[in-house]
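These are my notebook entries on a single protein chain. I set out to look up its overall dimensions, its sheet and the packing of its helices.

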Amino acid sequence: MPDILGPDWESRIIELPPDEEGPVVATLVHRRGAPQRARAVLYVHGFVDYFFQTHMAEQWEARGYAFYALDLRKYGRSLLPHQTPNYCINLAEYDADLDAAVAILKGELGVETLVLMAHSTGGLIASLWAHKRRAACPIEALVFNSPWFDFNGSLFERTVVTWFVDVLGGIAPHMRIGKLGEHYGRSLHVSTGGNWDYDLGLKPIEGFPVRAGWLRAVRRGHAQLHRGLAIPCPILVCASTESGPDRRWHDAINRTDSVLDVNDIAKQSVRLGRLVTLARIEGGIHDLALSAEPARTAFFREVFRWAAAYVPA
């Protein structure tokens, strides 16, 4: 079907088994009429997010890759009227989304070499999925853009609050327990002085409510990653060189990761597998692909320098 990005793009709805809220779909997005290629990248977004970064697709396509993006269940194009936005109670729910997309690419479309690229919460989801699929790993490489590998908070929040959320999430999973700060979103969107235009219905500046069951699922995913994964393919982890406050506006919001602690990303990266490369991008923001120049170019330069060395030709 035609995609919201315009006539050059199209979407494919992937029907998935229903959950407790009813019917479930994921959405595979790609350029209309693009040639099928032996090498492809599959991009997975973060929380309060969906795929709109067409300039990133152009970067991969210019280097001989077919580009596909997956809007996960209850996100972006895949959010249905009866669903709670961006909600899950177990990150394993997304395994079916990734399995279905990979099956289409490697089965129906004949992709031989597949790079999985993931941002923020998508990075955590992709890590756990790749670990579970390690015996017959269907991807040849993993690229992470500021993956969410730990909770950006105080020791009290990482311990006592995590324990409380784990209990509450099992009893009242739909309970609202907070929301993300809106300052990062304001720094991005053209309507509030940023440089990027996207659908505020799918990626609202004020975000979606954080619910107890969702945060419980994320913190359990963090705990599993911290115990160590065994992802067999080469991995690139990209993050900014500096973090900024995530709960207030500040002068460096356009040149720091003001969502996650970049030191957490670096610290936990070594737990992913045996072959992990860490690239730090000076002046990068949380979504490195949306950084101001020269950080955005530096991010893509590091990605493709690494890909030339580690992705099979």
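This is a predicted model: local features need pLDDT of at least 70, side-chain atom pairs count only at pLDDT 80 or more; totals for chains, interfaces and linings use all residues.

Entry 1, overall dimensions. I compared the radius of gyration, taken over C-alpha atoms, with the globule rule of 2.2 Å times the number of residues to the power 0.38. For 313 residues a compact globule would have a radius near 20 Å, and the protein chain has 18 Å, which agrees. I noted that the C-alpha trace spans about 50 × 45 × 45 Å along its principal axes.

Residues are numbered from 1 along each chain as its sequence is written, and side-chain values use heavy atoms, with hydrogens and water left out.

I found eight helices and eleven strands in the protein chain. These are DSSP runs numbered from the N terminus (helices: H or I, at least four residues; strands: E, at least two).

I looked up which strands pair, a pair being two strands with at least two DSSP bridges between them. Nine strands form an open sheet with mixed pairing, in the order E1-E2-E3-E5-E4-E6-E7-E10-E11. E1 and E11 (276-281) stand at the edges with a single partner strand each, so one side of each is left without a neighbour in the sheet.

E1 (residues 2-3) pairs with E2 (residues 6-19) in the antiparallel sense over two bridges, and a hairpin of two residues joins them. Pro-2 has Glu-10 of E2 as its bridge partner; Glu-10 in turn has His-30 of E3 as bridge partner. E2 and E3 (residues 22-31) are antiparallel over nine bridges, and they form a hairpin with two residues between them. E3 then pairs with E5 (residues 66-71), again in the antiparallel sense, over four bridges. There I recorded Asp-71 of E5 as the bridge partner of Thr-27.

I took contact as heavy atoms within 4.5 Å. Axes are lines fitted to C-alpha atoms, for helices over the stretch in contact, and angles between N-to-C directions run from 0 to 180 degrees. H2 lies across E2, E3, E4 (39-44), E5 and E6 (113-119), and runs at about 125° to E2. H8 (residues 295-310) packs on the sheet and touches E6, E7 (141-145), E10 (235-240) and E11, its direction making about 160° with that of E11.

The axes of H2 (residues 95-108) and H3 come within 10 Å and cross at roughly 70°. H2 and H3 are therefore roughly perpendicular; the classes are under 35 degrees for roughly parallel, over 145 for roughly antiparallel, 65 to 115 for roughly perpendicular, and oblique for the rest. Asp-95, Leu-98, Asp-99 and Val-102 of H2 meet Ile-125, Trp-129 and Lys-132 of H3. By class, I recorded four nonpolar, no polar and three charged residues in the contact of H2 with H3. Ala, Val, Leu, Ile, Met, Phe, Trp, Tyr, Cys and Pro count as nonpolar, Asp, Glu, Lys and Arg as charged, and the others, Gly among them, as polar.

The axes of H3 (residues 121-132) and H6 (residues 212-227) come within 10 Å and cross at roughly 50°. That angle makes H3 oblique to H6. The contact is made by Leu-124, Ser-127, Leu-128 and His-131 of H3 and by Val-218, Gly-221, His-222, Gln-224 and Leu-225 of H6. The contact of H3 with H6 has four nonpolar, five polar and no charged residues.
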